[in-house]
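Visitor: I would like a close look at one part of this model. Please keep to computed values and state the cut-offs.

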Amino acid sequence: MKRVPLEKKVLSENDRIAAELRECFREHGTLCLNLISSPGSGKTSLLEKTLEGLSRNARVAVLTGDIQTENDAARLRRFGFPTKQITTGGTCHLDARMIERHLADWRLEAIDLLFIENVGNLVCPSSYDLGEDAKIVLLSVTEGEDKPLKYPSIFFKSELLVLTKVDLLPYVPFDITAAEENARRVHPSMQIVRVSCTAGSGMSEWMAWLEQRRRHAAAKAQPVA
Ligand SMILES: Nc1nc2c(ncn2[C@@H]2O[C@H](COP(=O)(O)OP(=O)(O)OP(=O)(O)O)[C@@H](O)[C@H]2O)c(=O)[nH]1
Ligand SMILES: [Mg+2]
């Protein structure tokens, strides 16, 4: 029986669309960030806190992915920035075609910073390039410090680790130093910020990281002649 290498084909088609998206982002100087974590690690909360802290004039937009519900888009729309929900209907990750489709009626020239909140899942989203400038992985202190070792792919591919819910550290047996060491065993140059969205700690480091990445993307922008 002849085997059909379907997975490879699907992924290479995804890579083709992702490369086109990346080129578009670069032409327009749009910084695109892909936020990935287990369900409930605090992706939407981090985005809420981020949008709350931005000027009303900031040229920011959000695509947020979930299997079902518009809940996250409803939470994020309150801040007045363009926001769309991508409901996958069962698929456990976003793919480049979903991003392309949902961006079709947005003008990238009016967006400096595009956040993509992926479907809550620490495994599948790591295999799908969305054309982003950087993947960001979130790990909350209730999940266990061994997760970078158990799910190395996403920690290897992410530029930044956001350790979330650090306000809960006094109540959970989570060794934050070991978590950071584990992340750096997988990805030695990984940048790390410790954040609490409820207490607000670490938000200035996170915002500074964003600003530095945004300036970098703007400097790299190459408008089409
Ligand atoms: N104590 C504490 N709770 C938090 C913090 N950030 C988020 N939470 C809570 O964690 C829960 C999940 O947060 P969400 O922001 O919805 O997580 P998510 O990663 O977007 O979840 P999915 O989109 O379903 O994958 C909510 O009840 C939040 O209030 C934090 O910094 N500290
Ligand atoms: Mg969410």
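Which of the 19 residues around ligand 1 come nearest?

Guide: The nearest of the 19 residues around ligand 1 are K43, T44, S45, D167 and C197, where a residue counts as near if one of its heavy atoms lies within 4 Å of the molecule. This is a predicted model, in which local features need pLDDT of at least 70, side-chain atom pairs count only at pLDDT 80 or more, and totals for chains, interfaces and linings use all residues. Residues are numbered from 1 along each chain as its sequence is written, chains are lettered from A and ligands numbered from 1 in the order in which they are written, and side-chain values use heavy atoms, with hydrogens and water left out.

By class, the shell around ligand 1 holds 7 charged, 9 polar and 3 nonpolar residues. In this scheme Ala, Val, Leu, Ile, Met, Phe, Trp, Tyr, Cys and Pro are nonpolar, Asp, Glu, Lys and Arg are charged, and the others, Gly among them, are polar. Helix 2 (43-52) and helix 3 (71-77) each supply at least two residues of this shell, and helix 2 gives the most, with 3 residues. Helices are DSSP runs of H or I with at least four residues, strands are runs of E with at least two, and both are numbered from the N terminus.

A backbone N or O atom of C197 is 2.7 Å from a ligand oxygen, a polar side-chain atom of R75 is at 2.9 Å, and a polar backbone atom of G40 is at 3.0 Å. Ligand 1 on its own has 650 Å² of accessible area, of which the protein covers 71%; such areas come from the Shrake-Rupley method with a 1.4 Å probe.

K165 sits in the loop between strand 6 (160-164) and helix 7 (176-186). Its relative accessibility is 26%, so K165 counts as partly exposed, the class between buried (under 20%) and exposed (over 50%), computed with a 1.4 Å probe on protein chains only.

Conventions
Polar contact = N/O pair within 3.5 Å; in protein donor to acceptor, adjacent residues only side chain to side chain.
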